[in-house]
Amino acid sequence: MKRIAFVLLAALILACFAMPAMASEKVFVFGRGGDAVRLDPADITDGESYKVCMLVFETLVQFKDGSTMVEPALAKSWDVSDDGLVWTFHLREGVTFHDGTPFTADAVVFSLERQMNPDHPGHKGDFAYWSYMYSQIESVEAVDDYTVRISLDKPYAPFLSNMACFPVMIVSPHSMLEMGVEDFRTHPVGTGPYEFVEWKKNDRIVLKAYDDYWGGRRKVDRIIYRSIPDNTTRMMALLAGEIDAMDGISAQNIKTLKQENPEDIKLLASPGMNTGYMAMNMTKEPFGNLKVRKAVAYAINKKRLVKEIYQGMAKPANQMLPPTLWGYNRDIEDYGYDPEKARKLLAEAGYPDGFETELWYMPVPRQYMPDGKLVAQAIQQDLAEVGVDVELVTYDWGTYLEKLEELEHTMCLIGWMGDNGDPDNFMYVLLDKDNAQKGSAQNYAVWKNEEYHELMMEGQTTMAQEEREALYIQSAELMHQDVPVIPIANAYNLALVNTAKVDNFKLHPILKFILADIDINQ
């Protein structure tokens with residue numbers, strides 16, 4: 001009876017989400033917790049936008065299936081000079097953008113220079129990633145139609161891996177110039193296996209297979225991203241067959257799956273390259289005080305929080321790097337749950353009666369933070385035990401990210417999924433002083449440690465991985481001592497998939513999942 005009632009309730013609620021029938025096509029519908037922010041790959045920082053961009057656009061090189069190793073994509077090969085300063089990419093011929101124009105070296109130059117040159121007609125956006133992953137690019141030139149030369153101002157160890165990441169996806173110069181950057185953000189044009197069809201804000205984004213794709217037309221005709229913010233509603237949509245797969249899986253979803261035990265819905269899981277954490281803005285009182293930050297660290301019962309909210313699908317984190325990544329420091333011991341020590345530190349810091357503050361929480365589920373509100377409530381309760389009165393605050397996803405980048409928050413919940421399998425991508429991007437600038441900040445703690453910065457610079461210019469690993473292990477100790485952030489969890493990559501209908505849905509440590517190669521059983 002319980003099962004029947006559940007399905008009937010699902011059907012009733014999902015009547016509001018009914019999709020037009022497309023019986024003659026192979027259609028895959030993916031449910032997610034939030035909408036994309038914009039579809040310009042050079043100007044995004046959120047995963048929901050990335051999920052769409054990864055099918056519409058392509059990079060010169062890409063990550064292999066299930067690996068952080070790099071392989072050819074729009075570039076069929078590449079060379080690097082002996083001094084590591086000049087990279088030459090040999091491009092694939094016969095590739096076209098979705099608008100029919102040819103992919104050439106000029107498109108690569110356009111896509112990179114628009115981020116470098118403020119006078120470029122395509123230079124409109126924050127280009128947040130450029131400053132911390134690509135600023136060492138000194139020049140980009142087209143040697144001929146199918147050869148591009150990129151010169152760096154210094155050797156940069158993560159460069160090739162960074163070239164496989166979304167900010168340097170190649171856009172169509174013709175379409176961007178014709179429609180303007182603002183319209184391009186909502187009508188993207190790339191060379192990827194799927195082309196853009198429609199975007200109904202906060203509802204759906206529709207893509208269709210690109211007939212002239214250089215890698216061959218994909219098997220699924222349409223891929224539809226559905227925005228269903230409520231975790232329970234999204235889960236019911238999957239059980240009722242309204243969507244074919246979903247992410248943003250909460251503890252309640254896992255409980256429901258165990259209770260309902262649906263025959264065709266499978267939970268896919270693999271170790272993730274991610275960290276969910278809480279940042280304390282050190283420019284706002286009282287978080288400039290080290291004793292206060294340590295007190296907060298001791299006050300949070302992290303193990304219980306992770307056990308109850310992540311339902312065994314994560315492990316407590318004690319540093320910014322996840323244990324799946326080289327450079328992880330295995331000697332760091334977490335602060336541990338100790339409310340008495342927290343009260344003592346607060347008294348020593350001048351706050352014997354605690355203080356009032358805000359904690360911002362994410363409005364959308366993420367692998368590293370499946371339910372931001374529940375995590376925030378657990379932290380709120382723990383901090384109340386030591387006298388810290390926390391008000392919980394949130395905004396819609398786009399506004400939330402913009403306000404964080406403007407450093408308006410006091411404490412915030414956020415996380416990071418690795419872009420390239422390199423420690424620099426976590427340690428430099430999230431904690432270096434270079435990335436604590438209002439407007440494009442990713443260092444939400446505004447932690448500015450000179451010794452740490454020197455280690456980051458050395459890590460970027462040292463080419464031997466063994467030497468680099470020692471630098472990141474050392475830098476993790478500095479972060480642990482200063483406590484600018486409190487790492488919370490390293491979560492598994494998770495997805496729920498209707499395996500009776502969907503074939504070849506694959507998880508990836510960086511991309512999280514791969515949709516370009518799926519098929520539909522009809």
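User: Which residues line the largest cavity?
Analyst: This is a predicted model, and in it the lining is made up of A297, K302, N318, D334, Y335, M479, H480, V483, V485, I486 and P487.

User: How much space lies in there?
Analyst: The largest cavity holds about 80 Å³.

User: And which elements supply at least two residues of that lining?
Analyst: Those would be α17, covering 465-482, and β18, covering 485-498. The largest share comes from β18, which supplies 3 residues.

User: How many cavities of 30 Å³ or more does a search of the whole structure find?
Analyst: It turns up 3 of them.

User: Switching to charges. How many salt bridges does the structure hold?
Analyst: There are 29. One of them is between the side chains of D43 and R185, at 3.0 Å from N to O.

User: Why pick that pair, what does it tie together?
Analyst: D43 sits in the loop between β1 (27-32) and α2 (47-56), while R185 is in the loop between α7 (181-184) and β8 (194-200), so the pair links parts that are 142 residues apart in sequence.

User: Which residues gather in a patch of negative charge on the surface?
Analyst: That patch brings together E93, D106, D144 and D145. To find D106, look in helix α3, residues 105-116.

User: Now the backbone. Which residues does a cis peptide bond join?
Analyst: It joins E285 and P286, with omega at about 5°. You'll find P286 in the loop between β13 (274-280) and α10 (290-299).

User: What about N202, is its phi positive or negative?
Analyst: Positive: phi of N202 is near 60°, and this residue is not a glycine.

User: Where does N202 lie?
Analyst: In the loop that runs between β8 and β9, the latter being residues 204-209.

Conventions
Residues are numbered from 1 along each chain as its sequence is written. This is a predicted model: local features need pLDDT of at least 70, side-chain atom pairs count only at pLDDT 80 or more; totals for chains, interfaces and linings use all residues. Side-chain values use heavy atoms; hydrogens and water are left out. Patches are made of residues with over 30% relative accessible area and no salt bridge: like charges are joined within 9 Å, nonpolar side chains (Val, Leu, Ile, Met, Phe, Trp, Tyr) within 5 Å. Accessible areas come from the Shrake-Rupley method with a 1.4 Å probe; for residues, only the protein chains shown count as cover. A salt bridge is a side-chain nitrogen of Lys or Arg within 4 Å of a carboxyl oxygen of Asp or Glu. Lys and Arg count as positive and Asp and Glu as negative; His and the chain ends are not counted. The place of a charge is taken as NZ of Lys, CZ of Arg, CG of Asp or CD of Glu. Helices (H or I, at least four residues) and strands (E, at least two) are DSSP runs, numbered from the N terminus. On a 1 Å grid over the protein atoms alone, a cavity is a set of points where a 1.4 Å probe fits but cannot get out, and a pocket is an open set with protein on both sides within 12 Å along at least five of seven lines; lining residues have an atom within 4 Å of a point. Grid points are joined across faces, edges and corners, and a volume is the space filled by probe spheres set on the points.
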